[in-house]
Amino acid sequence: MSCERTGAKGRDQWRRMQMERDGYCMLCSSQPATEVHEIERRSHAPRTWAHTCNYLHLCHDCHHGRIPKMDHAEQLAVKLVCDPRNFALVQWLKLRDPDLRAPERVTMEDIANHLTANLALLRKMGSV
Ligand SMILES: [Zn+2]
């Protein structure tokens with residue numbers, strides 16, 4: 001989904017729509033997902049923040065406890081494991097830098113490093 005909605009109403013509507021689609025927190029998988037986390041902040045990608053590659057469905061505890069301690073590469077590793085159909089690194093990089101002029105802020109290698117460091121997470125998700 002490519003979304004150009006910028007108003008607060010559109011954002012709330014979009015968040016509700018996402019929440020209804022998935023059941024459980026992508027990070028802990030034990031609590032219902034009640035919040036949507038935007039990996040790239042809306043202020044950095046005002047017209048593209050709602051692309052499906054940019055969000056994680058989380059419980060309140062993970063959203064406010066674990067996620068703030070994770071860098072973008074680690075958050076994208078979670079996205080890759082939990083929502084592979086909507087994982088798209090190049091698309092995600094373009095949210096902030098549509099012409100990809102800046103040096104890559106996150107590489108697949110960065111993401112892979114987090115995956116190997118988090119094998120427990122992968123096993124829990126049934127991916128290994
Ligand atoms: Zn959680």
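Mentor: Two residues are in contact if their C-beta atoms, placed from the backbone, lie within 7 Å. In the protein chain, residues 24 or more positions apart account for 64% of the contacts with a separation of 6 or more. This is a predicted model: local features need pLDDT of at least 70, side-chain atom pairs count only at pLDDT 80 or more, and totals for chains, interfaces and linings use all residues. Residues are numbered from 1 along each chain as its sequence is written.

Trainee: Which secondary structure elements does the protein chain have?

Mentor: Helices (H or I, at least four residues) and strands (E, at least two) are DSSP runs, numbered from the N terminus. The protein chain has 6 helices and 2 strands, in the order α-β-β-α-α-α-α-α from the N terminus.

Trainee: In which sense do strand 1 and strand 2 pair?

Mentor: Two strands pair if DSSP finds at least two bridges between them. Strand 1 (residues 35–38) and strand 2 have 4 bridges and pair in the antiparallel sense; E35 stands opposite L58 in strand 2.

Trainee: Which residues of strand 2 are buried on each side?

Mentor: In a regular strand the side chains alternate between the two faces of the sheet. A residue is buried if 20 or more other C-beta atoms lie within 10 Å of its own, exposed if 12 or fewer, and partly exposed in between, with C-beta atoms placed from the backbone. In strand 2 (residues 55–58), Y55 and H57 are buried on one side, and L56 and L58 on the other. Over the protein chain, buried residues make up 27% of the 128 residues.

Trainee: Why does E74 count as buried?

Mentor: E74 counts as buried because it has 21 C-beta neighbours inside 10 Å. E74 is in helix 3 (residues 72–82), and its C-alpha atom is separated by 5.7 Å from that of H114, 40 residues apart along the chain.

Trainee: At what angle do helix 3 and helix 5 pack?

Mentor: Axes are lines fitted to C-alpha atoms, for helices over the stretch in contact, and angles run from 0 to 180 degrees between N-to-C directions. Helix 3 and helix 5 (residues 108–117) pack at about 70 degrees, with axes 8 Å apart. That makes helix 3 roughly perpendicular to helix 5 (under 35 degrees is roughly parallel, over 145 roughly antiparallel, 65 to 115 roughly perpendicular, the rest oblique). The contact residues include E74 of helix 3 and H114 of helix 5.

Trainee: Which residues of helix 4 are buried?

Mentor: In helix 4 (residues 89–96), W92, L93 and L95 are buried. They fall within an arc of 145 degrees seen down the axis, so they line one face of helix 4; the arc is that of the directions from the helix axis to the C-beta atoms. Helix 3 is included in what covers them.
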